[in-house]
Amino acid sequence: MATLHTRSAARLMIAPSVLLLLAWMIVPLALTIYFSLLRYNLLMPGMEEFAGLTNYTYFLTDPAFFQAVFNTLAIVLGVLFITVVGGIGLALLLDQPMFGQGIVRILVIAPFLIMPTVAALVWKNMFMNPVNGLFAWLAKLVGLQPFDFLANAPLFSIILIVAWQWLPFATLILLTALQSLDEEQKEAAQMDGAGAWSRFIYLVLPHLSRAITVVILIQTIFLLSVFAEILVTTNGGPGTQSTNLTFLVYAQALLQFDVGGASAGGIIAVILANIVAFFLMRMIGKTLEA
Amino acid sequence: MGSITLKNVSKVFGAHAVIPSIDLDINDGEFVVFVGPSGCGKSTLLRLIAGLEDVSDGAIVIDGKNATELPPAKRGLSMVFQSYALYPHMSVRANIAFPLKMAGEDKAVIDKKVADAARVLNLTDYLDRKPRQLSGGQRQRVAIGRAIVRQPEAFLFDEPLSNLDAALRVNMRLEISQLHQQLKTTMIYVTHDQVEAMTMADKIVVLNRGRIEQVGSPLDLYHRPDNLFVAGFIGSPKMNFISGSQAAGHQAHTIGIRPEHLVLSKDHGTWQGTVGVAEHLGSDTFLHVNADAIGTLTARVSGDFAVTHGDRVFLTPDPQRLHKFDEKGLAIR
Ligand SMILES: Nc1ncnc2c1ncn2[C@@H]1O[C@H](COP(=O)(O)OP(=O)(O)OP(=O)(O)O)[C@@H](O)[C@H]1O
Ligand SMILES: [Mg+2]
């Protein structure tokens, strides 16, 4: 977009899709805001009345709310940490020439192709189950008491499951970035006396920074709204120990039939997501520009 | 100091022997050019010396010590790559300082050496820029800067000028030659451009299909090529080769005569022909003459020899400068 002319032409071309997207976004948002100001319970149809900000005060003062905010952030940060670090490690391994490279790469991608509900069920019943699970069996093998993951460390278990699902995505993006690193640069660094570790720090990591940014950005969007894994495994419990914002809104709307309260929760979730997005953009916008 | 000896060095990729076996001596302070057609193994040979490839057989001795098994960093050599291979996210300063930083030098020492190198290479104003904000020639200089700060035993250059335009290439050629005069460090320079080879080298190594065809000073190779390949490769325009009865008259299988050693005349001479194309360079004119019963000959004449397409001319080879080759392509002296 070099000249003034091409720039205004580009704006004109983009305008229809921008307008469409705007309407697409505005209508549901407006409706949700409208609902959030009503006393609207599905058990009492036809009794909707204007309620002001009661729904918001109710939702915000709910002790489960703070737990849910904390859990949401814990899931996002925990999964990001595991997938980025693990993804870099796996990408470095997969970049090495080895026997059966193609098959190994497909195996690594596999978890990403499994539906979240199925993945969570597999983990719940085949791995983490304290009686029949693989982990319990391993624990018994070495003479330890089996650990009931989902009951005793529900949040950690969910982070583990979600991280397992997203690891392939991170690995794949980082692997392609790694393969685009110029071979001659690596050789130049080798001649300059940089060992494997120095080459990683000074050459590979800066080269990957853009890909890492993309991974963080895309994953954050999806991780803010993790739902299926929680529903299938812990149902938000025990108590609210593994309830995140999405799950809290769901519980409000469909377990307590309180559409007004759920809408208020939804709006709050949107605001929180925007705050996260704001900081995210500030933090990594620079890397993308460079 | 920076003497390098290759003993029986060979390199095999899979079943393909890229370099069958090479012996070569490079003296300290020499400017050696590897030249040869594309794919003949010049880069491979250079990478073997650098340690970026393992030799399949033989030994590499650098500065009297066997370096065959040493990793690249321990050989005390610096390399300038064809793509420059600058580190894109580092400033020019950081790029040049990188080898010193890796060697664990003091901050003050690094700063001084970087400043010195930048001054030698006219890069002082660009130290804080990123590589992508530099022109091709400046990038080239940064790559050279990164190579010289370490004060290596020898420099290795792999076609460092091939990405530059013609004018800049001539300039950088001169600068590298001047750098060699200043530093007096051994330099090994790979190119497929015989003009670069002729102008820069103390010693030229002509390679063909992984074999050394001839080693010698530029004028040595020009005046006394050992075989047909070297005779045809060195010199521009190419040497004319004539076989058949004309060659038999000189007791040779093939005779060769350089374009500049053909005397042209409009009325008398040994061979007769018709001018095909005349390339006027101003100072000189290259004439492509279709000589009767011989084939196309290229002749180099002074710019004021006025002929055009279709003119009849006579060509006479300078008998002192005639090269004779036997049926194996080897020179008969
Ligand atoms: N890693 C490799 N694996 C297999 N064959 C290779 C490899 N590297 C080079 N070769 C082969 O070795 C031969 C010599 O390659 P090299 O790069 O040394 O040529 P070069 O003389 O530098 O040519 P150019 O002037 O085009 O750069 C080529 O035939 C090439 O195909
Ligand atoms: Mg090459």
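In this predicted model, strand 1 (residues 4–13) and strand 4 (residues 57–62) of chain B pair in the antiparallel sense, with five bridges between them. Strand 5 covers residues 65–66 and runs antiparallel to strand 4, to which two bridges join it. The two strands form a hairpin with two residues between them, and D63(B), in the turn, has a positive phi of about 55°.

On its way to strand 2 of chain B, the pairing continues from strand 1 through seven bridges, again in the antiparallel sense. Here V9(B) has I22(B) of strand 2 as its bridge partner. Helix 1 (residues 42–50) of chain B packs on the sheet and touches strand 1, strand 2 and strand 4; the direction of the helix makes about 120° with that of strand 1. Taken together, the strands form an open sheet of four with the order 2-1-4-5 in chain B and antiparallel pairing. Strand 2 (16–26) and strand 5 stand at the edges with a single partner strand each, so one side of each is left without a neighbour in the sheet.

Strand 11 is joined to strand 12 (residues 254–257) by four bridges, and the two run antiparallel. Within this pair, F241(B) stands opposite G256(B) of strand 12.

Attention now turns to the ligand. The residues around ligand 1 include F13(B), V18(B), K42(B), S43(B), T44(B) and E159(B). Several polar contacts can be followed atom by atom. A backbone N or O atom of G39(B) lies 2.8 Å from an oxygen atom of ligand 1, and a polar backbone atom of C40(B) is 3.2 Å from an oxygen atom of the ligand. From E159(B), the side chain takes part: one of its N or O atoms is 3.1 Å from an oxygen atom of ligand 1.

E159(B) is also one of the residues in contact with T191(B), as are K42(B), V33(B), F34(B), V35(B) and G36(B). T191(B) has its place in strand 8 (residues 186–191) of chain B. Is this residue buried or exposed? T191(B) counts as buried because its relative accessible area is 4%, under the 20% limit. Its side chain has a polar atom 2.9 Å from the backbone nitrogen of D193(B), and the side chains of T191(B) and E196(B) are joined by a polar contact of 3.1 Å.

The largest nonpolar core has 42 residues, of which I96(B), I144(B), F157(B), I176(B) and Y189(B) touch the most other members. Helix 4 (residues 136–148) of chain B gives the largest share of this core, five residues. Beyond its neighbours within four places in sequence, I176(B) is in contact with F31(B), I144(B), F157(B), L161(B), M187(B), Y189(B) and M200(B). Another core, of 40 residues, lies apart from the largest one and has L203(A), I62(B), L156(B) and V190(B) among its members.

Methods
Residues are numbered from 1 along each chain as its sequence is written. Chains are lettered from A and ligands numbered from 1 in the order in which they are written. This is a predicted model: local features need pLDDT of at least 70, side-chain atom pairs count only at pLDDT 80 or more; totals for chains, interfaces and linings use all residues. Side-chain values use heavy atoms; hydrogens and water are left out. A nonpolar core is a set of buried Ala, Val, Leu, Ile, Met, Phe, Trp, Tyr and Cys residues joined through side-chain atoms within 4.5 Å. Buried means under 20% relative accessible area, exposed over 50%, partly exposed in between (1.4 Å probe, protein chains only). Contact means heavy atoms within 4.5 Å. A polar contact is a pair of N or O atoms within 3.5 Å; within protein, one must be able to donate a hydrogen and the other to accept it, and residues adjacent in sequence count only if both atoms are side-chain atoms. Two strands pair if DSSP finds at least two bridges between them. Axes are lines fitted to C-alpha atoms, for helices over the stretch in contact, and angles run from 0 to 180 degrees between N-to-C directions. A residue is near a molecule or strand if one of its heavy atoms lies within 4 Å of it.
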